[in-house]
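The stops below each begin with something to select.

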Amino acid sequence: RIGIALQANRFARVCLTESIEYSKRRKAFGKRLEDQPVVRAKIANMAMKVESTHAYIESLAFRIVSQERRGDDWFDAILRIGSEAGL
């Protein structure tokens with residue numbers, strides 16, 4: 001599941017980048033989309049969600065690796081973390 005979460009987060013990051021690039025090129029109502037306050041707010045909200053998800057996944061990965069370094073099996077590490085690792 002963590003691998004799926006990583007892929008989904010990467011795809012979300014690519015979509016965010018594409019959205020930013022598109023908003024720089026596209027014009028509406030005489031201004032570029034990136035200059036529209038509503039579009040800027042939507043992109044900022046998207047970026048916040050992508051970054052918070054990325055930080056959460058990194059936190060889980062760090063805890064799993066830390067437990068592995070102590071000698072635990074990777075599956076035991078996931079079980080010790082609990083439902084958070086289930087995403």
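A residue counts as buried when its relative accessible area is under 20%, and as exposed when that area is over 50%. By that cut-off leucine 33, with a relative accessible area of 17%, is buried. The model on screen is a predicted one.

**The whole chain**

Select everything and colour by secondary structure. The chain has 3 helices and 2 strands, and along the sequence they follow the pattern α-β-β-α-α. Of the 87 residues, 21% are buried. The chain exposes about 6500 Å², and carbon and sulfur atoms supply 59% of that area. Among contacts between residues at least 6 apart in sequence, 48% join residues at least 24 apart.

**Helix α1**

Select residues 2-25, which form helix α1. How far apart are the end C-alpha atoms of α1? They are 35 Å apart, which agrees with the 34 Å that 24 residues should span at 1.5 Å a residue. Now show the side chains of Ile2, Ala5, Asn9, Leu16 and Ser23, which are buried. The cover over the buried residues of α1 includes β2 (31-32) and α2 (37-69).

**Helix α2**

Select residues 37-69 for α2. With 33 residues at 1.5 Å each, α2 should span 48 Å, and its end C-alpha atoms are 48 Å apart, which agrees. Its buried residues are Ile43, Val50, Ile57, Leu60, Ile64 and Gln67. After α2 comes glycine 71, with a positive phi near 105 degrees.

**Where the two helices meet**

Show α1 and α2 together. Two packed helices are described by the angle between their axes and the distance between the axes. Here α1 and α2 pack at an angle of about 155 degrees, with their axes 10 Å apart. Angles over 145 degrees count as roughly antiparallel, and α1 and α2 are therefore roughly antiparallel to each other. Their crossing is left-handed. On the α1 side, the residues making the contact include Leu6, Ala12, Arg13 and Ile20; on the α2 side, they include Val39, Met46, Glu51 and His54.

**The loop between β1 and β2**

Select phenylalanine 29, which lies in the loop between β1 (27-28) and β2. Is phenylalanine 29 buried or exposed? At 82% relative accessibility it counts as exposed. Check its backbone as well. Most residues other than glycine have a negative phi. Phenylalanine 29 is not a glycine, yet its phi is positive, about 55 degrees.

**The loop between β2 and α2**

Go back to leucine 33, which is found in the loop between β2 and α2. Which residues does leucine 33 contact, leaving aside its neighbours within four places in sequence? They are Tyr22, Ser23, Arg26, Ala28 and Val39. Draw a C-alpha to C-alpha distance from leucine 33 to serine 23: it reads 4.8 Å, for residues 10 apart in sequence. Serine 23 is one of the buried residues of α1.

Last, select glutamine 36, in the loop between β2 and α2. Glutamine 36 counts as buried, at 15% relative accessibility. Leaving aside neighbours within four places in sequence, glutamine 36 is in contact with Ala28, Phe29 and Lys31.

How values were computed. Residues numbered from 1 in each chain as written. Predicted model: local features only at pLDDT ≥ 70, side-chain atom pairs only at ≥ 80, totals over all residues. Heavy atoms only, no water. Helix = DSSP H or I, 4+ residues; strand = E, 2+ residues; numbered from the N terminus. Buried < 20%, exposed > 50% of the residue type's maximum accessible area, 1.4 Å probe, protein only. Contact = heavy atoms within 4.5 Å. Areas by Shrake-Rupley, 256 points an atom, 1.4 Å probe, with all protein chains shown as cover. Expected span 1.5 Å × (residues − 1). Axes fitted to C-alpha atoms, helices over the stretch in contact; angles between N-to-C directions. Parallel < 35°, antiparallel > 145°, perpendicular 65-115°, else oblique. Left-handed = near helix turned anticlockwise from the far one by under 90°.
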